[in-house]
Amino acid sequence: MKRFKVFLDVEKEEQWLNEQLEKGYRCTNISGLGIYTFEKTEKKYVMRLDYQADLSKRRLEEYKGIYEDFGWNYVKGFALNGIRYWQKEDDGQNEIFSDRESTVHYYRRLMKYSLWLGMLFLAYSFMLYSDSGLYHEGLWNMEGSIFWKALVFETPFALIKLLPAIMVVAFSLSFYKSYQKYVVLKGQ
């Protein structure tokens, strides 16, 4: 079975993947375009996501070896965004982070990820909006039915132009959520 889904929040993606596991569908592949491939299974599995960017081949192999020693199977990882997908049979030891310090580092990595993408979309938004508005300049000079037809025609394009600003808000919220968890764990 294949499902298409796009996530901006790593934790929500992990939650959704575990919900699919509870329904009896094990993830076998993930494409960079948000296409998840599942197969039916009778066994109980658990899935965890980690964010590890900028790993050399040697460090990636060491990283994978550590988790595989604890029974985790590497499903997929993307060099571009750094998200790594891990899965194993449910045996009661289902967390990939063994202590509070490693969880703190995880949330700090997520904060950097959200900040970097948010800043990228913010810069793109400034470039996109600096010289024009959302709608065509002549739209507001039109009258009658031609105005309404032009407005209906241009609105989808205006919403597409708003997408980078929406992404800035989404990644800012993701950063804030990770920051809150980071502060709570750091203060313990």
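This is a predicted model: local features need pLDDT of at least 70, side-chain atom pairs count only at pLDDT 80 or more; totals for chains, interfaces and linings use all residues.
Residues are numbered from 1 along each chain as its sequence is written, and side-chain values use heavy atoms, with hydrogens and water left out.

Let's start with charge pairs. Side chains of opposite charge can pair when their charged atoms come close. How many salt bridges does the structure hold? There are eleven, where a salt bridge is a side-chain nitrogen of Lys or Arg within 4 Å of a carboxyl oxygen of Asp or Glu.

One of them joins Asp-50 to Arg-109, with the closest N and O atoms 2.8 Å apart. This pair links distant parts of the chain, since Asp-50 sits in strand β4 and Arg-109 in helix α3, 59 residues apart. For the record, helices (H or I, at least four residues) and strands (E, at least two) are DSSP runs, numbered from the N terminus. Are these two partners buried or exposed? Both Asp-50 and Arg-109 are buried. Buried means under 20% relative accessible area, exposed means over 50%, and partly exposed is in between, using a 1.4 Å probe and protein chains only.

Now compare Glu-89 and Lys-43, whose closest N and O atoms are 3.6 Å apart in their salt bridge. Glu-89 lies in strand β6 and Lys-43 in the loop between β3 and β4, so the pair ties together parts that are 46 residues apart in sequence. Glu-89 is partly exposed at 41%, and Lys-43 is partly exposed at 46%.

On to Asn-94, in the loop between β6 and α3. With 15% relative accessibility, Asn-94 counts as buried. Its side chain makes a polar contact of 2.6 Å with the side chain of Asp-90. A polar contact is a pair of N or O atoms within 3.5 Å; within protein, one must be able to donate a hydrogen and the other to accept it, and residues adjacent in sequence count only if both atoms are side-chain atoms.

Last stop, helix α4: Pro-164 has its place there, and is buried at 6% relative accessible area.
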